[in-house]
Amino acid sequence: QVQLVESGGGLVQPGGSLRLSCAASGSIFSINAMGWYRQAPGLERELVAAITSGGSTNYADSVKGRFTISRDNAKNTVYLQMNSLKPEDTAVYYCNAKVWALVTTGSRYLEVWGQGTLVTVSS
């Protein structure tokens with residue numbers, strides 16, 4: 001079993017900051033890419049930021065310069081630092097990880113999603 005546990009969401013004023021955390025646990029051999037997605041009311045789920053095992057990052061244009069993704073490989077944890085938050089950032093944020101999970105014969109490649117954490121940016 002592999003699971004992702006997210007934390008750090010909440011209510012913040014426009015211009016404020018939040019840091020989201022996502023910790024992976026279970027029978028993990030290695031983690032390839034990790035990322036954050038979000039889904040706002042009435043909109044499709046979209047990629048916010050992603051980071052590979054080699055440290056390469058990608059960001060949605062709407063968050064470039066404001067959000068920073070990072071990971072601590074020793075802790076199997078990915079973070080999303082969100083600064084200069086705007087009302088349009090309001091969404092449920094989901095952690096995603098592509099992992100090699102341990103099995104008796106070796107490993108299997110899985111895509112795992114967290115339960116989501118709500119970020120509300122409002123005055």
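A residue is called buried here when its relative accessible area is under 20%, exposed when that area is over 50%, and partly exposed in between, with a 1.4 Å probe and protein chains only. By that scale Arg38, at 6% relative accessibility, counts as buried. The model is predicted, so local features need pLDDT of at least 70 and side-chain atom pairs count only at pLDDT 80 or more, while totals for chains, interfaces and linings use all residues. Residues are numbered from 1 along each chain as its sequence is written, and side-chain values use heavy atoms, with hydrogens and water left out.

Arg38 takes part in a salt bridge (a side-chain nitrogen of Lys or Arg within 4 Å of a carboxyl oxygen of Asp or Glu) with Glu46, at 2.9 Å from N to O; Glu46 is partly exposed, because its relative accessibility is 34%. Arg38 also forms a salt bridge with Asp89, where the closest N and O atoms are 3.0 Å apart. Asp89, like Arg38, is buried, and a network of salt bridges links Arg38, Glu46, Arg66 and Asp89.

Elsewhere, Asp61 and Lys64 meet through their side chains in a salt bridge of 3.1 Å, N to O, and both of these residues are exposed.

Arg38 is also among the residues touched by Tyr93 (contact meaning heavy atoms within 4.5 Å), a list that includes Trp36, Val48, Phe67, Leu80 and Met82 and leaves out residues up to four places away in sequence.
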